[in-house]
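I opened a notebook on this structure and wrote down what I looked up, entry by entry. The entries go from the whole chain to single residues.

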Amino acid sequence: MDDSDLRLGGWNRPRRITLARILGLLVTVGLVVVLVGPQMVDPFTANVSNIEPLWQHTDETDSQEYNGLLKLRTQEYESVDGKTGLLYVIALSSLVPLADLPLDLEQAVVDRVQEEAELQQAELSDGRHVGSLSISQGHTAELLQWDASVTGTSGFFGWFKGGNLQVRAAYWEVEQGLVICVAFGTELVRIDEATRMVQSVQA
């Protein structure tokens, strides 16, 4: 009795799960994630609600990474003199909740700060965890801090080549994703002003 007779008689042999079928399924799932995933990620906004007197909001930018599976909306604030203080408030949203990812959040924040420092042609050193910070809406942020030196003549601090900066970052999770704040200042007073602004961030 051949296979066709067996199938006509109502008995079907179970289909074997082969490597080719598994790979085909993975490719299909991957294509769905790549093509549909970015449309399912909604960027959110995190804003400073209490801007310090000597600061101003200067820009908002949207960007994406990993083919749109990670979206960032960045608010930029700077000191009104245009040269001594800079603050980025970054709202990061992803297709999968960050808590469900095998991700070291602190290292991800450190990497983001490194990227921002490179854009400002600043070299970071002596990175350290410096405690926590109470944020509006009942959140608590983790605080990181670095010393930095300006190595180039482009970027916000290009006029300060060879000078030293203070860099402070705060990060915390919200329902929509992750908020990362990165402050650069030529003096501690600018960092303290930026930190107060960070405390008033609402998402």
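**Entry 1. The whole chain.** Among contacts between residues at least 6 apart in sequence, what percentage join residues at least 24 apart? I found 59% for the protein. I note here that the model is predicted. I counted 4 helices and 9 strands. Along the sequence they come in the pattern α-α-β-β-β-β-α-β-β-β-β-α-β. The protein has 203 residues, and 40% of them count as buried.

**Entry 2. Helix α3.** I looked next at α3, which covers residues 105-119. Its 15 residues reach 21 Å from the first C-alpha to the last, close to the 21 Å expected at 1.5 Å a residue. Which residues of α3 are buried? I listed Leu-105, Val-109, Arg-112, Val-113, Glu-116 and Ala-117. Looking down the axis of α3, I see these buried residues fall within an arc of 140°, so they line one face of the helix.

I then checked both ends of the helix. At the N-terminal end, Asp-104 caps α3, with a side-chain oxygen 3.2 Å from the backbone nitrogen of Glu-106. Just after α3, Gln-121 has a positive phi of about 55°.

**Entry 3. Ile-180.** This residue is in strand β8, residues 177-185. Is Ile-180 buried or exposed? Its relative accessibility is 2%, so I put Ile-180 down as buried. Setting aside neighbours within four places in sequence, I find Ile-180 in contact with Tyr-88, Val-89, Ile-90, Val-109, Arg-112, Ala-170 and Tyr-171. Two of these names, Val-109 and Arg-112, are also on my list of buried residues in α3. Ala-170 is 10 residues from Ile-180 along the chain, and their C-alpha atoms are separated by 5.8 Å.

**Entry 4. Arg-168.** I looked up Arg-168 in strand β7, residues 164-174. At 14% relative accessibility Arg-168 counts as buried, because the cut-off for buried is under 20%. Which side chain does the side chain of Arg-168 meet in a polar contact? I found Gln-145, at 2.8 Å. Not counting residues up to four places away in sequence, Arg-168 touches Leu-143, Leu-144, Gln-145, Cys-181, Val-182, Ala-183, Leu-188, Ile-191, Asp-192 and Thr-195.

**Entry 5. Val-130.** Some of those names came up again here. Val-130 is in strand β5, residues 122-135. Val-130 has 37% relative accessibility and counts as partly exposed. I also noted the C-alpha distance from Val-130 to Trp-146, which is 9.8 Å for 16 residues of sequence separation.

**Entry 6. Glu-52.** I found Glu-52 in the loop between β1 (47-48) and β2 (55-65). Although it is in a loop, Glu-52 counts as buried at 15% relative accessibility. What does Glu-52 touch outside the four places on either side in sequence? I wrote down Glu-193, Arg-196 and Met-197. With Arg-196 there is a polar contact between side chains, at 3.2 Å.

**Entry 7. Aromatic rings.** How many aromatic pairs are there? The count comes to 3. Phe-156 is buried, with a relative accessible area of 15%. Phe-157 is buried as well, at 0% relative accessibility. In the pair of Trp-159 and Phe-160, the ring centres are 4.8 Å apart and the planes are at 35°, so this pair is tilted. Trp-159 is partly exposed at 43%, and Phe-160 is partly exposed at 22%.

Phe-156 and Phe-157 form one aromatic cluster with Phe-184. Lys-83 lies over the face of Trp-159, 5.0 Å from the ring centre.

How values were computed:
Residues numbered from 1 in each chain as written. Predicted model: local features only at pLDDT ≥ 70, side-chain atom pairs only at ≥ 80, totals over all residues. Heavy atoms only, no water. Helix = DSSP H or I, 4+ residues; strand = E, 2+ residues; numbered from the N terminus. Buried < 20%, exposed > 50% of the residue type's maximum accessible area, 1.4 Å probe, protein only. Expected span 1.5 Å × (residues − 1). Arc of directions from axis to C-beta. Polar contact = N/O pair within 3.5 Å; in protein donor to acceptor, adjacent residues only side chain to side chain. Phe/Tyr/Trp six-rings, centres within 6.5 Å; stacked < 30°, edge-to-face > 60°. Lys NZ or Arg CZ within 6 Å of the ring centre and 35° of its normal. Contact = heavy atoms within 4.5 Å.
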